[in-house]
Amino acid sequence: MGLTDNFTKVTNKMLATGQPAQLVAVTKTVGIDVIEQLYALGQRHFGENRADVLTAKQAALSDKYPDIVWHFIGSLQTRKVKEVLPATTYIHSLDRLSLAKEINKRATEESNCFVEVNVAGEANKHGMAPDDVIPFIEQLTHYPNIKVVGLMTMAPFVASEQELHEVFAQLKQLTNDVQALQLKHAPCLEASMGMSNDYQIALQEGATFVRVGTELVTVN
Ligand SMILES: *Cc1c(COP(=O)(O)O)cnc(C)c1O
């Protein structure tokens with residue numbers, strides 16, 4: 001399957017769920033040639049998980065394709081905020097106050113952030129415990145450059161379909177709970193969840209952004 005077939009397959013599978021969502025093409029394993037091919041197919045949102053790689057790709061492509069929307073999806077070191085911010089539109093991995101403080105300090109305009117949640121409570125995963133999310137978001141009112149557009153999670157890699165449904169349903173519920181608070185700095189309309197292995201399940205549970213790499217970019 002080539003890139004065109006992959007793209008058609010993924011977008012059709014997304015459509016089949018009936019849940020409208022933004023596809024974020026995760027291009028962390030491929031070069032800018034693949035990004036350009038996906039762009040030619042109509043893809044505009046791209047995700048990267050390393051600060052240096054994202055900024056290099058953004059710099060290489062920004063003049064030619066000014067309408068590309070970059071998403072930073074990896075864990076973000078505080079000292080990388082300065083370089084990541086001007087290159088990205090969405091940060092999917094806000095998971096601590098020290099990071100919020102740095103983003104707030106460096107941002108020149110409101111920064112679109114997803115708060116990362118470790119729904120399944122896995123020890124080696126980033127993100128905060130579900131119970132900590134609302135108190136954390138309430139504290140963010142002190143950081144006017146941060147806009148909480150939604151919540152993000154990564155499901156356990158080895159999980160049954162049933163477990164995946166539960167994890168995604170929990171993140172969606174929490175998203176709705178934050179939304180219901182009607183905080184000015186946290187509209188929280190979006191749920192970023194679902195990767196190659198599980199994006200259809202995430203969409204069934206109400207994902208509004210899916211982050212798909214492998215299934216999109218693996219050509220053979
Ligand atoms: C790599 C990555 C993805 C995409 O994963 P695939 O399984 O390749 O689709 C999504 N989200 C995050 C945070 C990632 O690091």
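How far is an oxygen atom of the ligand from an N or O atom in the side chain of S196? The distance is 2.5 Å. This is a predicted model, with local features needing pLDDT of at least 70 and side-chain atom pairs counting only at pLDDT 80 or more, while totals for chains, interfaces and linings use all residues. Residues are numbered from 1 along each chain as its sequence is written, and side-chain values use heavy atoms, leaving out hydrogens and water.

**View 1. The ligand and its surroundings.** Around the ligand sit residues including V26, I73, M154, R211 and G213, each with a heavy atom within 4 Å of it. K28 brings a polar side-chain atom 2.8 Å from a ligand oxygen, and a side-chain N or O atom of T214 is 2.5 Å from an oxygen atom of the ligand. On its own the ligand exposes 380 Å², of which the protein buries 89% (Shrake-Rupley method, 1.4 Å probe).

**View 2. The buried side of α6.** Helix α6 (a DSSP run of H or I, at least four residues) spans residues 130-139, and V133, F136 and I137 are buried there (under 20% relative accessible area, 1.4 Å probe, protein chains only). Because these residues cover an arc of only 95 degrees around the axis, they end up on the same side of α6; the arc is taken from axis-to-C-beta directions. Their cover includes β5 (111-116) and α7 (161-180).

**View 3. I137 in the core.** Of the 63 residues in the largest nonpolar core, L94 and I137 touch the most other members. Such a core joins buried Ala, Val, Leu, Ile, Met, Phe, Trp, Tyr and Cys residues through side-chain atoms within 4.5 Å.

Methods
Buried means under 20% relative accessible area, exposed over 50%, partly exposed in between (1.4 Å probe, protein chains only). Helices (H or I, at least four residues) and strands (E, at least two) are DSSP runs, numbered from the N terminus. Contact means heavy atoms within 4.5 Å. A polar contact is a pair of N or O atoms within 3.5 Å; within protein, one must be able to donate a hydrogen and the other to accept it, and residues adjacent in sequence count only if both atoms are side-chain atoms.
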